[in-house]
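These are my notebook entries on one structure, written down in the order in which I looked things up.

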Amino acid sequence: MTDAVRAALRAQRIELPSWAFGNSGTRFKVFAQRGVPRTPYEKVEDAAQVHRYTGVAPTVALHIPWDKVDDYTDLAAFAGECGVGLGTINANVFQDDDYMLGSVTSPDPVVRRKAVDHLLECVEIAAGVGVRDVKLWFSDGTNYPGQDSIRARQDRLAEALRETYEALGEGQRLLLEYKLFEPAFYTTDVPDWGTAYAHCLRLGPKAQVVIDTGHHAPGTNIEFIVAFLLREGKLGAFDFNSRFYADDDLMVGAADPFQLFRIMHEIVVADALAPEAGIAFMLDQCHNIEPKIPAQIRSVMNVQEATAKALLVDHRALTEAQQAGDVLGANAVFMDAYNTDVRPLLAQVRQEMGLDPDPVAAYARSGYADKIVADRVGGQQAGWGA
Ligand code: AOS
Ligand code: ZN
Ligand code: ZN
């Protein structure tokens, strides 16, 4: 059994967000850190460090226009030289003044056209570098009852998604992310998995839902959503992070490692862990006060630990207990796996991959943190949104 578990852990893939390496903060303050990347190229270099010490994070997601470059083929080639590849292309239709009343759901057709053109640009960028996924998150919504027609906004959304969907190439996917609220505080046009699912269902097989773990009302049972969407073949990706209150974007597994385990259990049960299953496991985090590269390393390790525990669930015993109606027995099987210390197992997996068993310590010893502080002087440091 542990051979299969170790093989599954060696094959696991987690995608890193370029924006996690830049400065970020809340609406109150951004605490700038020294050595932070000044360009998308430097973000890719930092992401490559995370892969170098974990061995399971070989792609970096880009955010357009934060990571806009003249030549994406060149950026992809550079990523290859660093030992990683480019991943999901994230669209950004939430930053311009034009989007005050919405982007694809704006009442203004000129604004809608601009937003859809950006989505099409993202599809084109992805296609140009052979990237499968384009991820769409819309901040669109309203702040006050009566501000706009909820129903008309759904029509505009459907129209924009349709045009984007039609532009997808062979093998490409449209990933639709939902979020309960923020920045809109009354209605959000894609507020929940049901809305995202309904739109994806209408669009067709290339449209799938993204679950950002920080985008639900407190108390929402996320693993239920995971199980449901997997069963329907409509789960495309995760944006992993953790939260205590709302969309906190803290390190995944920091606030609630048990929830992460429960999510990964549903993935394992559905046999959806391997990259071939088509679920993109991405991080979507902001490291406001902690150093960014070690925080990404820690996040990857947290996902690995939750996954290892999920892989250790004794499924035969679990099914037997479930079918016998043995409530406490089933729960005990589940909790036994969760309470296992999987760190020695993961250390072994890393050694089998030719890696240091302790990625955090190995990175700390490497001197990279000092090097970027010394090298990256001058220029505008890239941040969340820069
Ligand atoms: C926003 O809350 C979403 O999580 C998006 O995924 C967004 O594109 C990402 O957080 C970067 O800002
Ligand atoms: Zn997200
Ligand atoms: Zn978010």
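**Confidence.** I first noted that pLDDT is the predictor's confidence in each residue, on a scale from 0 to 100. The chain averages a pLDDT of 97, and 98% of the residues score at least 70. For the complex, the predictor gives an ipTM of 0.97 and a pTM of 0.97. This is a predicted model, in which local features need pLDDT of at least 70 and side-chain atom pairs count only at pLDDT 80 or more, while totals for chains, interfaces and linings use all residues. Residues are numbered from 1 along each chain as its sequence is written, and chains are lettered from A and ligands numbered from 1 in the order in which they are written.

**Annotation.** In the unreviewed UniProt entry I found the annotation "domain: Xylose isomerase-like TIM barrel", which covers residues 73-267; UniProt positions are given in the numbering used here, feature names are shortened, and annotations may be inferred rather than shown by experiment. Over residues 73-267 I read 41% helix and 16% strand, with the end C-alpha atoms 33 Å apart. Helices (H or I, at least four residues) and strands (E, at least two) are DSSP runs, numbered from the N terminus.

**Ligand 1.** Which residues are around ligand 1? I listed Trp19, Asn90, Trp137, Glu177, Lys179, Asp212, Asp239, Asp247 and Asp284, taking a residue as near a molecule or strand if its C-beta atom, placed from the backbone, lies within 6 Å of it. By class, this shell has two nonpolar, one polar and six charged residues; Ala, Val, Leu, Ile, Met, Phe, Trp, Tyr, Cys and Pro count as nonpolar, Asp, Glu, Lys and Arg as charged, and the others, Gly among them, as polar.

**Asn90.** I then followed Asn90, which lies in strand 3 (residues 85-90). Asn90 counts as buried because it has 25 C-beta neighbours inside 10 Å; buried takes 20 or more other C-beta atoms within 10 Å of a residue's own, exposed 12 or fewer, and partly exposed lies in between, with C-beta atoms placed from the backbone. Leaving aside neighbours within four places in sequence, Asn90 is in contact (C-beta atoms, placed from the backbone, within 7 Å) with Ala61, Leu62, His63, Ile64 and Lys135.

Not counting residues up to four places away in sequence, Val60 touches Leu16, Ser18, Val44, Ala47, Ala79, Val84, Leu86 and Gly87.

**Backbone exceptions.** Most residues other than glycine have a negative phi, and most peptide bonds are trans. I found a cis peptide bond from Ile64 to Pro65, with omega near 15°, where Pro65 is in the loop between strand 2 (59-63) and helix 3 (72-82). The bond from Glu182 to Pro183 is also cis, with omega near 10°, and the phi of Glu182 is positive, near 85°. Is Glu182 buried or exposed? Glu182 is exposed, because 12 other C-beta atoms lie within 10 Å. Asp271 has a positive phi of about 55° and lies in the loop between helix 8 (257-269) and strand 10 (280-283).

Notes: Contact = placed C-beta atoms within 7 Å.
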